Amino acid sequence: LAQMRRDDIDGIKKSGVLRVLMSEAPQFNGLPRRMSPTDYELTLLERFAEVKGLKLKIVQEKNFYDLIPMLVAGKGDVIADNMSITKDRLKQVNFSLPVGSSHDQIIVNANAEGLKTLSDLKGRKVHVEKGTAYWRGANEVGAKMPKIEFVSPPAEVSTEELMDQVGTGEIDACFTDSNYTESFMAYRPDVKIIHEFPKEDHTAW
């Protein structure tokens, strides 16, 4: 179990360890050709820790939506998991300056017949992770197109796993971030973007 401790930067320096909260990464066959958003954030934190003379300790949690409660409970010092800055999250935690940006997207199988625009998803299921900012877009689309069904996968299923399931044809569609899509499509040509939301989100620690 992660040790419960809530410290400011002076306390972290005294301990010599920076505890980084991340959700567990899925294991796929083959390696991505491009660094994932979480890998990029971790690289930045490694540099930060080096400058501050700290050792990194990765604390993994199965579910993305449990990361903030773990941080609040003192089970980690910082979250590095492509987390968007939202009003609801700002009520619970503080964020660093942005380390990245992205747009919400909906992806489908690249070979799916008859799926070219958002309206073609009527009668289909779009998977949306619980506890993510994706539900903002899902509610927006659902209000305009009630025949599109939005469903939450099991809590332990990550965005990358949903993208894999779209590529293999197990599910119709899912929400993802544009930075994840870029990384994923670099080595998986079996998915395509069917819709991108115009609002830009900023990610931070």
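Visitor: Is aspartate 190 buried or exposed?
Guide: Aspartate 190 counts as buried, because its relative accessibility is 19% (buried is under 20% relative accessible area, exposed over 50%, partly exposed in between, with a 1.4 Å probe and protein chains only). Keep in mind that this is a predicted model, where local features need pLDDT of at least 70, side-chain atom pairs count only at pLDDT 80 or more, and totals for chains, interfaces and linings use all residues. Residues are numbered from 1 along each chain as its sequence is written, and side-chain values use heavy atoms, leaving out hydrogens and water.

Visitor: Where does aspartate 190 lie?
Guide: In the loop between helix 7 (178–185) and strand 8. Helices (H or I, at least four residues) and strands (E, at least two) are DSSP runs, numbered from the N terminus.

Visitor: And what does the aspartate 190 side chain make a polar contact with?
Guide: The side chain of arginine 188, at 2.9 Å. A polar contact is a pair of N or O atoms within 3.5 Å; within protein, one must be able to donate a hydrogen and the other to accept it, and residues adjacent in sequence count only if both atoms are side-chain atoms.

Visitor: Switching topic: which residues of helix 5 are buried?
Guide: In helix 5 (residues 134–144), they're Tyr134, Gly137, Ala138 and Val141. Down the axis of helix 5 they fall within an arc of 100°, so they line one face of the helix (the arc is that of the directions from the helix axis to the C-beta atoms).

Visitor: What do they pack against?
Guide: Several elements, including strand 4 (100–109) and helix 6 (159–168), with contact meaning heavy atoms within 4.5 Å.
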